[in-house]
Amino acid sequence: MLRLEVIYWLLGAFLVFAAALNLRERRFAAAGFWAILACPFLFGDAITAALAAGSRWPAQAMGVGVLALGVLAPFISALVHGRENQKAAGLGRTSGVTSALVLDRESQKAAILGRTFKRELASSDSLARRFGNRLFGPALLIPLVTLLLALGGPHLHWNDAALLDAKQATLVALGVACVIAFAAALRVTRAGVGVGLGEGRRLLDAMGWAALLPMLLATLGSVFAATGVGDAIAALVGDVIPVDSALACLLAFALGMVVFTTIMGNAFAAFPVMMAGIGLPLLVQRHGAAPAVLGSLGMLTGYCGTLLTPMAANFNIVPVALLELRDQYAVIRAQWPTALVLLAVNVLLMMLLVWR
Amino acid sequence: MNYWPLLGVAVVVAGFALKRNPVLVVTIAGVVSALAAHMGIGDLLVLLGRSFIDNRALLLLAMTLPVVGLLERFGLRERAREWIAGFRNLTLTRFLVAYLGLRQLLSMLGLFDLAGHAQTVRPLVAPMSEAAASRTAGELDEDERERVAALAAATDNVGRFFGEDVFLAFGAVLLIQGFYAQHGIALDPLSIALWALPTAIAAFVIHALRIAAFERRLQRKARDMRQAKERADAAA
């Protein structure tokens with residue numbers, strides 16, 4: 001059976017590769033950063049197993065690693081880095097046309113030389129003309145293979161054993177799809193594996209710490225839950241609102257969902273807290289709101305908050321790094337009006353629908 | 001009730017407001033919150049390490065980077081731009097609204113990881129949006145180019161968020177159902193998912209109107225600049 005762990009090992013190996021290239025270029029902060037980040041993927045299951053067996057030091061070492069990532073992050077500033085890469089790409093573009101054959105021969109050297117090899121490459125524009133629409137194939141393979149494996153994977157069997165781990169079929173499918181698409185991309189472009197991984201590492205370096213942020217914020221969510229931050233907020237809100245007014249309770253619930261989601265960056269984290277604090281005791285039990293409507297619209301109200309906050313890093317900060325935009329909040333700026341109008345519509349819908 | 005762990009929230013808000021490095025801010029916030037809750041260093045390190053490993057699936061998107069990086073080096077973004085520029089009647093509004101609708105429909109079917117910022121926005125949707133915008137509003141300057149790209153990313157977010165809740169087996173629906181079940185209220189997931197439809201429709205309409213308004217502003221600015229230039233030429 002193909003377990004998710006195998007996909008994690010591949011990802012860990014890619015991170016080690018990125019660390020090694022940075023080490024060779026004497027960019028020690030970035031090298032250390034990617035090397036530490038490789039650990040949960042290479043040793044994650046071993047650490048979890050050790051913890052279950054009562055051995056705490058591996059998990060504690062990982063905890064020290066998390067703190068080290070926090071200290072290293074300011075030294076590998078993501079956006080500045082992205083600018084450098086853009087400049088390098090620009091250099092490549094002005095240097096004129098070299099044949100794709102040269103590129104092939106250069107491939108091994110190029111992966112090692114890292115930064116310097118871009119100057120020797122042909123321009124992307126002329127390559128685009130050469131390869132044409134064939135370039136779309138591997139890019140579209142990622143979603144298509146993911147789709148096929150996610151839907152059909154649970155039915156695939158080999159000697160009575162399931163081929164994919166059914167519990168995590170989508171994630172395994174995504175991993176397998178990336179490997180297949182990578183192979184297809186190498187075939188279409190006739191580039192070497194080293195060049196391909198090197199280009200992946202270029203994007204990873206361009207994203208910098210932004211790549212790590214979603215994982216770290218989810219970790220912070222666990223810490224907040226374990227230290228009682230959610231309970232404290234629910235208690236505060238409960239002290240402030242006039243509980244006899246159904247409308248006041250509803251507005252407090254909606255506003256609480258938005259504010260709490262904005263702080264945590266995740267409506268899932270806000271939902272149990274606001275439901276336990278206001279939704280269930282006050283709205284459902286005291287004022288007779290319909291639970292299904294309240295739950296569904298309450299969660300979506302939290303989603304409006306997700307559009308507003310840098311804490312929802314994988315949606316609002318990661319794309320800024322990926323698209324190499326100068327303004328850290330460019331994506332939030334593009335979507336906040338939608339979020340606020342939709343929030344108003346949502347509150348209206350709740351007022352109309354929960355007490356039908 | 002111990003309110004001191006809220007200091008961690010204060011650290012987050014202050015750190016983001018002062019534009020400090022988010023990774024550093026989040027790390028400090030976790031430590032502050034744990035210390036305020038009288039958690040020992042040993043327990044804190046275990047908690048950090050364990051939750052970090054539990055949440056590692058969030059970095060799986062990095063698996064797409066070698067594919068996207070390699071295809072881009074060989075001109076994927078330029079090709080995407082050319083392809084869109086070949087359509088005579090395509091505007092930014094038509095392109096992004098179609099993507100918004102498609103993203104919502106796919107999310108409703110549970111296929112929310114089919115598209116995304118790494119998978120589709122950077123290699124395809126952002127360059128295609130730029131090409132569509134420059135078809136109707138002329139050459140974009142760097143500022144406008146970034147705003148078009150940001151709008152493409154925002155459109156992906158809106159489409160994903162307000163489609164996925166209609167999908168039955170999505171975590172949010174199951175979370176809602178699970179919460180009520182814990183408190184003795186039995187609900188059918190379908191009854192929860194269906195109530196996400198009105199918001200999904202509202203999100204589509206609101207964001208589509210905003211995309212159209214954005215493109216009109218781009219066009220007006222381009223026309224004003226053209227007219228100003230013509231007047232200057234005529235005066236000369």
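Which hand, left or right, does the crossing of helix 12 of chain A and helix 17 of chain A have?

The model is predicted, so local features need pLDDT of at least 70 and side-chain atom pairs count only at pLDDT 80 or more, while totals for chains, interfaces and linings use all residues. Residues are numbered from 1 along each chain as its sequence is written, and chains are lettered from A and ligands numbered from 1 in the order in which they are written.

**Chain A as a whole.** Select chain A, which has 17 helices and two strands; helices (H or I, at least four residues) and strands (E, at least two) are DSSP runs numbered from the N terminus. Of its 356 residues, 51% count as buried. Here a residue is buried with 20 or more other C-beta atoms within 10 Å of its own, exposed with 12 or fewer, and partly exposed in between, the C-beta atoms being placed from the backbone.

**Helices 12 and 17 of chain A.** Select residues 246-264 and 330-353 of chain A. The axes of these helices come within 11 Å and cross at roughly 145°; axes are lines fitted to C-alpha atoms, for helices over the stretch in contact, and angles run from 0 to 180 degrees between N-to-C directions. The crossing of helix 12 and helix 17 is right-handed, meaning that the near helix is turned clockwise from the far one by less than a right angle. Leu250(A), Ala254(A) and Val258(A) of helix 12 meet Leu343(A), Val347(A), Met350(A) and Met351(A) of helix 17, where contact requires C-beta atoms, placed from the backbone, within 7 Å.

**Helix 11 of chain A.** Select residues 229-240 next. The buried residues of helix 11 are Val229(A), Gly230(A), Ala232(A), Ile233(A) and Ala234(A). They pack against helices 10, 12 and 13 of chain A, together with helix 1 (7-17) and helix 2 (22-36) of chain B.

**The contact between the chains.** Display both chains: the contact takes 99 residues from chain B and 112 residues from chain A.

**Two positive phi values.** Select Arg26(A), in the loop between helix 1 (4-24) and helix 2 (28-52) of chain A. Its phi is positive, about 60°, although Arg26(A) is not a glycine. Arg26(A) counts as exposed because it has 7 C-beta neighbours inside 10 Å. Finally, select His38(B), in the loop between helix 2 and helix 3 (41-54) of chain B. Phi of His38(B) is also positive, near 60°, and His38(B) is exposed, with 11 other C-beta atoms within 10 Å.

Terms used:
The expected span of a helix is 1.5 Å times one less than its number of residues. Two residues are in contact if their C-beta atoms, placed from the backbone, lie within 7 Å.
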